[in-house]
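Colleague: Before I plan anything around this protein, could you take me through what the model shows, one question at a time?

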Amino acid sequence: MKSSTAKFSRIGFDAEMTYICRMYERKLPVRLECGLHLFMEVMSGKWKINLIWCIYGGINRPGALHRTLSGASRRLLDQQLAQLVSHGILVKTVFEEKPFKVEYALTPLGQTLIPVIEHTARWGEANRNELETLIRNS
């Protein structure tokens, strides 16, 4: 009797998890017909550009990234790192040693984003006064 109850609970849990996973499925299809949409699909996420910039600067371990980007939760950074890996921007290397060691590096595709990020940062600096005023007043 106990095992059937445990089995039933497990089935109920799986059914609930399947429902929750479906709740978070993408509602709208990804638009692939425009380069801007592709860029936004890959780069959407509050911390992705910061993660790429930090890794480009030599910070490549998850703990160091979390310390550097202390305003983000570890879970959120891990999710966005995984997305960047799945989109081919980063490569994740897991070293089979004790304790486990994980490092991230930019792929050649990820390297092509560095000039875009640099240009965007220069635009922000060039327009700093106006942008700060607009942001404060919004």
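Colleague: About how many helical turns separate E132 and R128 in helix α8?
Modeller: This is a predicted model, and in it helix α8 covers residues 128-136. E132 forms a salt bridge with R128, with their closest N and O atoms 2.9 Å apart. Because E132 and R128 are four residues apart in that helix, their separation comes to about one helical turn.

Colleague: How many salt bridges does the structure hold, and what separates the closest N and O atoms of K101 and E103?
Modeller: The total for the structure is four salt bridges. K101 is partly exposed, with a relative accessible area of 24%, and its salt bridge is with E103. The closest N and O atoms of K101 and E103 are separated by 3.5 Å.

Colleague: Which side chain of opposite charge is nearest to K48, and how far away is it?
Modeller: K48 lies in helix α3 and is buried, yet K48 has no salt bridge. A salt bridge requires the nitrogen and the carboxyl oxygen to be within 4 Å. The nearest side chain of opposite charge is that of E41, at 7.0 Å.

Colleague: Which residues does K48 touch, if those up to four places away in sequence are not counted?
Modeller: K48 takes part in the contact of α3 with α2 and also in the contact of α3 with α5. With residues up to four places away in sequence left out, the residues that K48 touches are E41, V42, M43, Q80, Q83 and L84.

Colleague: Are α2 and α3 roughly parallel or roughly perpendicular to each other?
Modeller: Helix α2, residues 35-43, packs on α3 with the axes 9 Å apart and at an angle of about 75°. In this contact E41, V42 and M43 of α2 meet K48, I49 and I52 of α3, a set that divides into four nonpolar, no polar and two charged residues. Since angles of 65 to 115 degrees count as such, α2 and α3 are roughly perpendicular.

Colleague: How many nonpolar, polar and charged residues make up the contact of α3 with α5?
Modeller: Helix α3 (residues 48-56) and helix α5 (residues 74-86) pack with their axes 10 Å apart and at an angle of about 75°, and these two helices are therefore roughly perpendicular to each other. On the α3 side the contact involves K48, L51, I52 and I55, and on the α5 side L77, Q80, L81, Q83 and L84. By class, these residues are six nonpolar, two polar and one charged.

Colleague: What distance separates the C-alpha atoms of N50 and L69?
Modeller: N50 also lies in helix α3 and is partly exposed, with a relative accessible area of 32%. Along the chain, N50 and L69 are 19 residues apart. Their C-alpha atoms are separated by 7.8 Å.

Colleague: Which residues are joined by a cis peptide bond?
Modeller: Most peptide bonds are trans. With omega at about -10°, the cis peptide bond joins K98 and P99.

Colleague: Is T107 buried or exposed, and which residues outside its sequence neighbourhood is T107 in contact with?
Modeller: T107 sits in the loop between β2 and α6, and its relative accessibility is 14%, so T107 counts as buried. Leaving aside neighbours within four places in sequence, the contacts of T107 are G88, I89, L90 and V91.

Colleague: In what order do the elements of the chain run from the N terminus on?
Modeller: The chain has 138 residues, of which 19% count as buried, and its secondary structure comes to eight helices and two strands. From the N terminus on, the order is α-α-α-α-α-β-β-α-α-α.

Methods. Residues are numbered from 1 along each chain as its sequence is written. This is a predicted model: local features need pLDDT of at least 70, side-chain atom pairs count only at pLDDT 80 or more; totals for chains, interfaces and linings use all residues. Side-chain values use heavy atoms; hydrogens and water are left out. Axes are lines fitted to C-alpha atoms, for helices over the stretch in contact, and angles run from 0 to 180 degrees between N-to-C directions. Angles under 35 degrees count as roughly parallel, over 145 as roughly antiparallel, 65 to 115 as roughly perpendicular and the rest as oblique. Contact means heavy atoms within 4.5 Å. Ala, Val, Leu, Ile, Met, Phe, Trp, Tyr, Cys and Pro count as nonpolar, Asp, Glu, Lys and Arg as charged, and the others, Gly among them, as polar. Buried means under 20% relative accessible area, exposed over 50%, partly exposed in between (1.4 Å probe, protein chains only). Lys and Arg count as positive and Asp and Glu as negative; His and the chain ends are not counted.
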